[in-house]
Amino acid sequence: MTYTTELVTDERDFAALAADWTRLYRRCAAATPFQSHAWLHSWWLSYGRPGRLRLVLARDGRDLVGAAPLMRVRGPVPALVPLGGAISDYGDVLLDDRHGPWAASALAEGLSAAAGTALVDLREVRPGGAAERVYERWRGPRRRVDDSLCLELPALPLAALTARLPSAKAQQRVRAKLRRLDALGVKSRTVLPEEAEAALRRLLELHRLQWQGRQVTGEHLRARFRDHLVRSVGPMVRAGDAVVTEFRLDDEVVAVDVTLLGRRLTGGYLYGAHPRLRERKADVAVMLLDACTGHLPPGPEGALSLLRGNEPYKHHWRPRPVVNQRLLLARWHTAPLLAATLGDVAARRRGRELRRRWKERDGGGGT
């Protein structure tokens with residue numbers, strides 16, 4: 001096998017890669033929906049900056065066997081970082097599973113050449129991600145540090161997840177909440193591909209309404225995020241990489257949910273719910289989980305990801321903590337950038353620990 005690498009920096013060339021990219025995505029079992037072409041190209045259209053695109057590709061002849069979707073940033077140190085940014089829960093590269101270590105070696109060489117004077121900083125890599133294979137074959141300085149915490153459940157129907165709860169009383173509460181939803185007449189329906197755009201716009205309207213007067217992720221209310229979500233999820237629904245579910249009460253759409261579907265991972269990404277549901281004492285979390293578990297990947301390797309965040313309500317279901325990785329790759333002449341980044345990581349970790357201690361000392365009310 002003879003592998004070649006190339007660097008793509010033009011947005012139009014990125015768009016033209018859709019078919020090749022999708023075939024590679026289907027051949028990479030570790031890929032999450034955040035590595036699909038529809039998600040990444042749409043993200044670039046909303047968030048990318050001219051001149052920053054860096055797609056590192058590896059080919060066996062004409063076949064695309066590896067891809068690293070990156071962009072160059074200037075600070076805090078010059079670096080190549082994954083496309084997808086803060087609105088993507090997982091970052092990774094793509095590798096064709098049929099090509100074993102050879103594709104990973106080729107992509108590592110392409111990354112090294114493309115990095116130049118920059119650090120390669122691969123954030124939010126799920127354990128078992130394809131980027132681990134590139135990390136193993138990197139020939140320069142490298143380090144692996146912890147990134148965000150995700151919580152995961154086994155890929156089981158809701159009845160089986162309920163049976164995992166530690167007490168009969170907890171199991172009875174879930175079943176009572178399901179009966180309450182039935183008594184209210186809440187009905188769920190999978191949205192057809194041609195209905196996805198209207199449903200997603202309704203989702204964002206409901207999301208704004210449910211968080212009115214409370215602290216919300218501001219990015220979810222911006223036009224660029226709306227454009228990205230509508231532009232990416234519609235094609236993902238048609239391709240089977242996402243499902244949009246709407247929930248009706250008294251013939252009115254009162255909630256809409258987007259669930260992203262991967263070969264090994266399913267995750268509820270975003271939802272919007274009318275406050276009327278809570279006023280009627282409907283448990284929205286149980287309602288969403290019931291719908292989400294209907295789209296789980298088959299097989300023992302599948303997982304239901306609750307995505308990033310350590311919110312207390314997630315722990316009710318006894319999830320497994322899974323820490324994403326940050327893979328730092330340097331060339332010998334950029335080793336100082338690696339050292340500076342590790343110093344920043346350590347300082348931030350110390351800062352978080354100090355804040356935690358202050359909160360414990362002040363009973364949670366300290367400054």
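1. Rings of Phe, Tyr and Trp (its six-membered ring) are taken as a pair if their centres lie within 6.5 Å; planes under 30 degrees apart are called stacked, those over 60 edge-to-face, and the rest tilted. On this basis the structure holds 6 aromatic pairs. One of them joins Phe 34 and Trp 39 edge-to-face, with 5.2 Å centre to centre and 85° between the planes. The model is a predicted one, in which local features need pLDDT of at least 70 and side-chain atom pairs count only at pLDDT 80 or more, while totals for chains, interfaces and linings use all residues. Residues are numbered from 1 along each chain as its sequence is written, and side-chain values use heavy atoms, with hydrogens and water left out.

2. Helices (H or I, at least four residues) and strands (E, at least two) are DSSP runs, numbered from the N terminus. Within helix α3 (residues 37-47), Trp 43 and Tyr 47 lie 4 residues apart, about one turn of the helix. Trp 43 is buried at 5% relative accessibility, and Tyr 47 is buried at 16%.

3. A charge is said to sit over a ring if NZ of Lys or CZ of Arg is within 6 Å of the ring centre and within 35 degrees of the ring normal. The ring of Tyr 135 has the charged end of Arg 142 over it, 4.8 Å from the ring centre. The charged end of Arg 144 also sits over the ring of Tyr 135, at 4.6 Å from its centre.

4. How do helices α8 and α9 cross, and at what angle? The axes of α8 (residues 196-210) and α9 (residues 223-239) come within 9 Å and cross at roughly 145°. Here axes are lines fitted to C-alpha atoms, for helices over the stretch in contact, and angles run from 0 to 180 degrees between N-to-C directions. Contact means heavy atoms within 4.5 Å. On the α8 side, the contributing residues are Ala 196, Glu 197, Leu 200, Arg 201 and Leu 204; on the α9 side, they include Phe 225, Arg 226 and Leu 229.

5. Leu 209 is found in helix α8 and, at 30% relative accessibility, counts as partly exposed. Leu 209 touches His 274 and Pro 275, not counting residues up to four places away in sequence. Leu 209 and Ala 273 are 64 residues apart in sequence, yet 7.8 Å apart in space, C-alpha to C-alpha.

6. The peptide bond from Gly 75 to Pro 76 is cis, with omega near 5°; Pro 76 is placed in the loop between β3 (63-73) and β4 (79-82). Glu 124, although not a glycine, has a positive phi of about 55°. Glu 124 is in strand β6 (residues 119-125) and is buried, with a relative accessible area of 8%. Asp 251 is likewise not a glycine and has a positive phi of about 65°. Asp 251 is found in the loop between β9 (242-249) and β10 (252-261) and counts as exposed at 67% relative accessibility.

Methods
Buried < 20%, exposed > 50% of the residue type's maximum accessible area, 1.4 Å probe, protein only.
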